[in-house]
Amino acid sequence: MRINSFSVIHSLVFSTGPSLWLGMSIVTVQLGQCGNQIGFEVFDALFRDSHCSQGLCSKRENEAYQASCKERFFREEENGVPVARAVLVDMEPKVINQTLSRAARSGRWTYGQHACFCQRQGSGNNWAYGYSVHGPKHEESIMNLIQKEVEKCDSLSGFFIIMSMAGGTGSGLGAFVTQKLQDQYPSSLKMNQIIWPYGTGEVILQNYNSILTLSHLYRSSDALLIHENDAVHKICARRMNIKQISFRDLNQVLAHQLGSVFQPTYSEDGSFHYRRNPLGDLMEHLVPHPEFKMLSVRNIPQMSENSLAYSTFTWAGLLKHLRQMLISSAKMEEGIDWQVQPPSSGLPPLGKMSAHKDPHFNTSIANLVILRGKDVQSANVEGFKDPALYTSWLEPLHAFSTWKTQRAFGKYEKSAALVSNSQLLVKPLDVIVGKAWNMFASKTQFQKEEQMGVLAWALDVAMSLLAWDNSAACIPAIPLLTTMFITLEYLSSVLFSNMLHMSLSHCSLPMSPHLAVHPSFVLHLLTKYGFLSRHVIFDD
Amino acid sequence: MGRRRHRVEGVARALPEAIAALSRSLPAGPSPEIFRRAKFDRPEAAPVLWQLLLRVLSPLGANDTLTDLAPEAQARVVKSALDSQGYPRSALVQFPEGSSQRSRELLLALSWLLARGPFLEQLLAQTRVQLGDQLPQCEYEALAIPGPLGPHVETESPMDLRLVEWLMGKLRFRWRRLISSQQEQCTLLSKIHLYTRGCHSQKNLDHLSVAETEMLRDPESSQQLLQALESENVRLGAALEWRQCELVFWQWMDTVLDACLSESPAVTSQPTVLPMVSEHGCGELELVKQELQALQEELREVAEPRRAAWEAQVGGLGQGPEWSTTRRALQEAVRQELAALQGSWEPSSDPTQPQRPHRLVRRKDESPGPQGLQAAEMIRTLSTQEAGLKKALHQLQSQCQQELARLAGALPGLIWIMVPGH
């Protein structure tokens with residue numbers, strides 16, 4: 001007989017019964033302007049939802065829900081005001097001060113007194129500045145802050161790192177911090193909340209920054225949850241009817257999506273206890289494969305809370321729309337293309353070509369659907385278990401999971417969220433890599449700072465390549481610039497090959513963990529872009 | 001005549017008692033009647049024996065999940081466990097799964113397990129009632145009884161590599177979660193020990209363990225504890241009894257084996273290993289000695305030509321006075337490597353290695369007392385072991401890399417760029 005089981009120990013220490021067995025905590029690192037603004041909205045949304053009076057469930061259950069959310073994202077201080085488990089980092093003081101004062105003004109919750117780190121320098125939208133200059137310089141201070149926050153957790157599930165991909169601080173410093181977290185807390189989970197920039201964004205170097213960020217994070221992070229500015233913008237414009245869309249509106253929609261994923265849900269054994277470690281469960285379901293780490297999130301209904309009074313929803317309707325959003329790669333619940341259907345499994349009729357998959361059809365590797373609200377037990381998710389939705393090598397039994405809770409989210413009587421590991425990000429990634437490639441290849445319109453930036457970037461990337469596994473050292477004799485070139489090719493190929501495998505996955509191509517590059521191809525590229533015949537010199 | 005009958009009767013009485021003692025000492029032991037039926041290969045004995053084997057072969061705490069399996073799956077688990085322990089009789093493995101068959105084979109398997117080592121003692125150690133707090137998962141415990149594979153996916157067709165990577169990733173995540181929850185458990189244990197300082201009646205313990213604290217909080221659990229201790233006592237008593245009269249059981253098992261052989265001589269073409277208890281030591285030792293000698297011969301054969309070749313290559317180098325420092329440095333390096341190798345070889349001859357479970361006690365002063373073991377020492381031992389294992393892992397990894405490089409070199413037109421960091 002094992003008396004000292006975990007729940008007993010827990011209940012001894014916390015003097016609560018085993019039924020209020022609290023969950024593990026998540027520490028959030030907010031990086032850069034984007035990260036800090038969004039971080040505030042996330043904590044605010046979580047807090048408001050957990051203290052929402054409606055809830056639509058029993059009082060006891062509501063208390064359990066609140067307690068679970070609170071333990072995960074906040075901690076208690078002496079004066080009773082919950083303190084967010086967060087560390088704020090930025091290279092400029094303005095946004096951090098704004099964030100801190102907004103939190104303090106609300107009076108409902110606040111940030112820790114010494115939880116922020118800022119400088120007066122800025123990063124000039126330069127990834128290399130964030131990664132190679134600010135990172136090492138401020139490593140100790142930042143990691144100390146994080147350590148202090150971790151020590152205040154009774155049990156740490158992992159980290160959220162909120163950052164944008166386009167700027168300099170969020171992207172470069174974010175990649176650096178994630179790597180340091182990997183080194184210092186190897187058994188904790190890390191999820192990067194990444195803000196995907198607008199396609200028509202203003203930052204010139206945003207495509208370089210994005211590629212570098214993604215390739216570094218792929219190595220050191222466990223999951224990349226992508227939030228696309230374009231998608232969120234559309235939701236604001238069309239579904240929420242906001243005339244002048246500000247960043248605050250975008251951030252609030254984003255926070256709503258995140259909250260509807262990470263607020264408490266019942267654990268697997270159906271016993272109406274709240275799940276202890278949603279971050280761990282989510283990662284285990286969606287991103288165990290090391291090559292497929294990018295996730296997107298969709299939620300439904302997307303209308304604003306004020307319009308809810310005029311609508312009623314059924315689970316069948318919500319799930320049908322959500323499924324079609326997944327299949328047709330829709331970003332919004334409006335304008336969904338209902339023509340896109342999964343490939344039929346029967347034999348092709350005579351005279352026609354073999355059943356080809358609709359090119360717009362989105363194949364998934366794994367999906368997680370989260371349902372909140374009234375009568376959630378009656379919701380039918382069979383539509384998501386169709387094998388045609390998934391790749392050939394993973395059955396729906398392994399690929400699909402559902403989380404539920406009776407307790408409604410905010411004022412939405414019924415709401416559903418979908419976290420998906422699928423081809424939803426293939427097109428946006430295509431766009432970014434293509435633009436970065438063109439920019440690099442043409443290298444005509446650089447200003448001086450950008451040349452410095454590109455040199456720093458190139459050196460960094462080359463150093464990373466040379467630091468790799470020594471058995472790849474069949475290329476020691478090739479000079480630095482060509483190494484740099486191969487690196488860019490490799491980076492985009494890795495990202496491309498992920499997309500390639502995702503799009504061809506119905507042909508069960510084996511995935512090779514390394515990439516073979518034929519040297520004549522490399523020489524051809526070098527000649528084509530003129531690197532062989534002249535040196536590119538950047539003077540100081 | 002009378003004396004012989006008396007002796008036979010004596011034996012006839014001793015056997016059921018021995019079997020009864022055995023079944024009392026096993027967890028969920030079957031009745032002696034089952035044993036008798038199994039000797040005659042009766043089908044009704046089989047399911048009980050399958051369950052028993054499942055129970056004794058599965059690792060700690062897995063019992064609940066394993067009893068939910070279908071009978072075929074249970075049979076598979078038992079067979080794979082027996083296989084991994086080196087069970088020599090193929091009769092059990094060859095025939096298709098069926099829970100109402102092979103009860104005699106199951107009986108033979110059970111007695112093989114009992115005969116080959118301190119199996120019963122290990123079982124009893126596994127399920128002892130703990131009053132104190134134990135170290136979360138000490139290495140010696142985990143190595144004592146190798147667990148069987150869990151229910152696994154049966155694939156006739158080759159598996160997609162991506163699925164394998166997916167499953168490996170899941171395993172890695174669970175591993176990390178296990179580590180996190182162990183860290184959490186340690187933090188909480190530390191809190192309990194702090195809060196209950198000065199509460200224990202024994203001065204050298206000073207604070208309460210979790211079980212003791214729970215007893216104070218909830219008197220019903222002390223009843224449960226009492227019951228558990230009582231049933232453990234019963235089992236221990238039965239095990240002692242068994243040890244005294246087990247000879248009778250082995251003689252009876254001989255007859256079972258004869259019955260088996262007479263029925264199907266073709267099956268058991270390999271020599272079955274059911275040694276009598278007394279022969280236990282000698283046979284194995286001989287075998288080991290022979291293996292060692294063979295290994296030494298092999299090493300010598302391999303080393304000689306290599307040394308000769310090296311000497312031929314080096315020639316007269318390394319003999320002069322200017323080589324003395326280099327030679328000394330080389331000797332030092334070689335000595336260190338040999339010491340490291342030797343250290344990694346010797347498993348548990350280290351005196352600081354705990355031979356039996358220790359209770360966790362938090363203390364202000366430094367002295368652990370005669371029986372005790374300081375945490376720092378324990379940590380040091382575990383760290384050296386960890387370092388040794390890491391080195392072994394690196395060696396294996398570099399071997400793999402060399403192999404890959406060799407394969408890559410075999411294709412002249414290619415540059416291989418490895419994905420970093422896995």
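**Note on the predicted two-chain model**

1. Arg300(B) and Glu297(B) both belong to helix 13 of chain B, which covers residues 280–314, and they sit 3 residues apart, about one turn of the helix. Their side chains meet in a salt bridge, with 3.1 Å from N to O. Arg300(B) is partly exposed at a relative accessible area of 45%, and Glu297(B), at 37%, is likewise counted as partly exposed. It should be kept in mind throughout that this is a predicted model.

2. An α-helix has 3.6 residues a turn, so residues three or four places apart point the same way.

3. Over all chains, a search of the whole structure finds 36 salt bridges. One of them joins the side chains of Arg75(A) and Glu77(A), at 2.9 Å from N to O; here Arg75(A) is buried, because its relative accessible area of 9% falls under the 20% limit, whereas Glu77(A) is partly exposed at 31%. There is also a network of salt bridges that links Arg275(A), Asp281(A) and Glu284(A) with Arg174(B) and Arg177(B). Side chains of opposite charge can pair when their charged atoms come close.

4. In chain A, 10 strands make up an open sheet of mixed pairing, in the order 5-4-1-6-7-8-9-12-10-11. Its edges are strand 5 (116–118) and strand 11 (400–405) of chain A, each of which pairs on one side only. On average, and ignoring direction, neighbouring strands of this sheet are turned by 20° against each other. Within the sheet, strand 10 (residues 364–373) and strand 12 (residues 414–422) of chain A pair in the antiparallel sense over 9 bridges, and Ile370(A) stands opposite Ala417(A) of strand 12.

5. Helix 7 (residues 206–220) lies across strand 6 (156–164), strand 7 (189–196), strand 8 (223–228) and strand 9 (294–300) of chain A, and runs at about 165° to strand 7. Helix 8 (residues 229–239) lies across strand 7 and strand 8 of chain A, running at about 45° to strand 8. The buried residues of helix 8, among them Val232(A), Ile235(A) and Cys236(A), pack against strand 7, strand 8 and helix 9 (247–262) of chain A. Just after helix 8, Asn241(A) takes a positive phi of about 55°.

6. Helix 6 of chain A (residues 169–184) has 16 residues, which at 1.5 Å a residue should span 22 Å, and the 21 Å between its end C-alpha atoms agrees with this. Because 12 of its 16 residues are buried, helix 6 of chain A is largely enclosed by the rest of the structure. The buried residues include Gly170(A), Gly172(A), Gly174(A), Phe176(A) and Lys180(A).

7. A last point concerns Arg37(B), which lies in helix 2 of chain B (residues 32–39) and is partly exposed at 30% relative accessibility. Leaving aside residues up to four places away in sequence, Arg37(B) touches Arg42(B), Glu44(B), Ala45(B) and Ser103(B). The C-alpha atoms of Arg37(B) and Val334(B), which are 297 residues apart along the chain, are separated by 62 Å.

Conventions. Residues are numbered from 1 along each chain as its sequence is written. Chains are lettered from A and ligands numbered from 1 in the order in which they are written. This is a predicted model: local features need pLDDT of at least 70, side-chain atom pairs count only at pLDDT 80 or more; totals for chains, interfaces and linings use all residues. Side-chain values use heavy atoms; hydrogens and water are left out. Two strands pair if DSSP finds at least two bridges between them. Helices (H or I, at least four residues) and strands (E, at least two) are DSSP runs, numbered from the N terminus. Axes are lines fitted to C-alpha atoms, for helices over the stretch in contact, and angles run from 0 to 180 degrees between N-to-C directions. Contact means heavy atoms within 4.5 Å. Buried means under 20% relative accessible area, exposed over 50%, partly exposed in between (1.4 Å probe, protein chains only). The expected span of a helix is 1.5 Å times one less than its number of residues. A salt bridge is a side-chain nitrogen of Lys or Arg within 4 Å of a carboxyl oxygen of Asp or Glu.
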